[in-house]
Amino acid sequence: MTYVSADERRRVIVDAAVRVIATEGLARATTRRIAEQAGVPLGTLHYCFRNKDELNLLILGRGRATMLAAFEELDRGAGFEVTVREVVATYWRWIRDHHGLHLALMELLMWAIRNKEAVLPGRDVWAEVNAQLGGDLIDSALTAAAERDGLRTAVPVPELARFLIHRMDGLVFEFAETSDETSCERQTLLLADALVLLALPRQGSR
């Protein structure tokens, strides 16, 4: 019998949970259904995870890990406009290459908001989750690029980062419905143009 480490079992179960949530929704993602999708006995799932909440939080962690990997390729020495366009392109590739995970993350964000007193008591769930899923990386990349250019953006960088994430959230759903990569990519180019225009100082200001 081939030995499978506990970490590998957990990875397989998280993979299965992502698939079930993405394709069937969070309400149908019972521990029994996830174990069935993972091809493991139900008892194995209960052995690897204290409860379903722990499993859900690990999926959020998977989102963070894939985002960090995607942003490792970002050019840290570019100017502001180039950085904006690279950040948007990187974020889109992250969505495209991990689309099932993103659909699962959307469902889990709503779960976290509905159960915030148990998940993140007394804290701003949307802000904390989105900081982990891109907000902090985007903010730091744009802030550093603006500083390199000596640019004081007309719209504060944190607001630009939020605007970018909001638009990308919509793109997740469009891509789920249409599977039209070309059309979605055109939207990212428009988004990059809009972010650059919003960031540029208004005439007479600096």
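# Salt bridges and cores in an all-helix model

Student: Which residues are linked in a network of salt bridges?
Tutor: E8, R11, D15 and R62 are. A salt bridge here is a side-chain nitrogen of Lys or Arg within 4 Å of a carboxyl oxygen of Asp or Glu. This is a predicted model, where local features need pLDDT of at least 70 and side-chain atom pairs count only at pLDDT 80 or more, while totals for chains, interfaces and linings use all residues. Residues are numbered from 1 along each chain as its sequence is written, and side-chain values use heavy atoms, with hydrogens and water left out.

Student: How many salt bridges does a search of the whole structure find?
Tutor: It finds 14. One of them joins the side chains of E54 and R10, at 3.6 Å, N to O. E54 is in helix α4 and R10 in helix α1 (residues 6-24), so this pair ties together parts 44 residues apart in sequence.

Student: Is E54 buried or exposed?
Tutor: E54 is buried, at a relative accessible area of 15%, and R10 is partly exposed at 23%. Buried means under 20% relative accessible area, exposed over 50%, and partly exposed in between (1.4 Å probe, protein chains only).

Student: What about E159, which residue does it form a salt bridge with?
Tutor: With R162, the closest N and O atoms being 3.6 Å apart. Both lie in helix α9, 3 residues apart, about one turn of the helix.

Student: Back to α4. How many residues does it have?
Tutor: α4 has 20 residues and reaches 29 Å from its first C-alpha to its last, close to the 28 Å expected (1.5 Å times one less than its number of residues). N51 caps its N-terminal end, with a side-chain oxygen 3.1 Å from the backbone nitrogen of D53.

Student: And R64, what does its side chain make a polar contact with?
Tutor: The side chain of D136, at 3.0 Å. A polar contact is a pair of N or O atoms within 3.5 Å; within protein, one must be able to donate a hydrogen and the other to accept it, and residues adjacent in sequence count only if both atoms are side-chain atoms. R64 lies in α4 (residues 52-71) and is buried, with a relative accessible area of 17%.

Student: New topic: how many residues are in the largest nonpolar core?
Tutor: There are 36, and those with the most contacts inside it are F80, V87, Y91, I138, L142, L164 and M168. The largest share of this core, 9 residues, comes from α9. A nonpolar core is a set of buried Ala, Val, Leu, Ile, Met, Phe, Trp, Tyr and Cys residues joined through side-chain atoms within 4.5 Å.

Student: What is F80 in contact with, leaving aside neighbours within four places in sequence?
Tutor: L142, A145, A146, D149, L151, T153, L160 and A199, where contact means heavy atoms within 4.5 Å.

Student: Where is S179?
Tutor: S179 sits in the loop between α9 and α10. It has a positive phi of about 55 degrees although it is not a glycine, and at 58% relative accessibility S179 is exposed.

Student: Last one: how many helices and strands does the protein have?
Tutor: It has 10 helices and 0 strands. These are DSSP runs (H or I, at least four residues, for helices; E, at least two, for strands), numbered from the N terminus.
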